[in-house]
Amino acid sequence: FTVAYVGDMGLALISSAPGKVLSLIRRRGAHMVLHAGDLDYRGHPELFQAQLDAHLGAGFPYFYAPGDHDVKRWYSPGGYQERLAHRLNKTGALCNGEVGVQLVCSYRGFVFVLSGLPFI
């Protein structure tokens, strides 16, 4: 069981690095991703999600917590938290707590915590 761990991703429209990282995750056969915040630096949850969907698929288990650059769009309608909640529902992960902020999840026997503290 392979877990990819990333942070400070950015958007592919700004740099080619995010697409290269996501393609590497797919090629190496990771079963899930944990992202430690600073999702895209631009406050565009719709573009961040589109980037994930394009490279990994809409149902891929990609879990994330907010970083300081994500706070403004975390709770907004269509924001990062709402999109993470929809993604969690597609994965079959068992989670308890506030989505992405103080959340404990189990996915395929792997237990992890997502914490947005001290940013949220």
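**View 1. Leucine 103 stands opposite leucine 114 of strand S6.** Strands (E, at least two residues) and helices (H or I, at least four residues) are DSSP runs, numbered from the N terminus. The model is predicted: local features need pLDDT of at least 70, side-chain atom pairs count only at pLDDT 80 or more, and totals for chains, interfaces and linings use all residues. Residues are numbered from 1 along each chain as its sequence is written, and side-chain values use heavy atoms, with hydrogens and water left out.

**View 2. Three strands form an open sheet in the order S4-S5-S6.** The pairing is antiparallel; two strands pair if DSSP finds at least two bridges between them. Strand S4 (94-98) and strand S6 (110-115) each have a single partner strand and stand at the edges, so one side of each is left without a neighbour in the sheet. From one strand to the next, the twist averages 10 degrees.

**View 3. Helix H1 (residues 17-27) packs with helix H2 (residues 45-56).** The angle is about 40 degrees and the axes are 9 Å apart. Axes are lines fitted to C-alpha atoms, for helices over the stretch in contact, and angles run from 0 to 180 degrees between N-to-C directions. H1 is therefore oblique to H2; angles under 35 degrees count as roughly parallel, over 145 as roughly antiparallel, 65 to 115 as roughly perpendicular and the rest as oblique. The contact (heavy atoms within 4.5 Å) involves Pro18, Gly19, Leu22, Ser23, Ile25 and Arg26 of H1, together with Gln51, Leu52, His55 and Leu56 of H2.

**View 4. Aspartate 8 has a positive phi of about 50 degrees, although it is not a glycine.** Aspartate 8 lies in the loop between strand S1 (3-6) and H1. With a relative accessible area of 44%, aspartate 8 is partly exposed; buried means under 20%, exposed over 50% and partly exposed in between (1.4 Å probe, protein chains only).

**View 5. Tyrosine 41, also not a glycine, has a positive phi of about 70 degrees.** Tyrosine 41 is placed in the loop between strand S2 (32-35) and H2. Its relative accessibility is 32%, and tyrosine 41 counts as partly exposed.

**View 6. The peptide bond from leucine 117 to proline 118 is cis.** Its omega is near 10 degrees. Proline 118 is found in the segment after S6. Most peptide bonds are trans, and most residues other than glycine have a negative phi.
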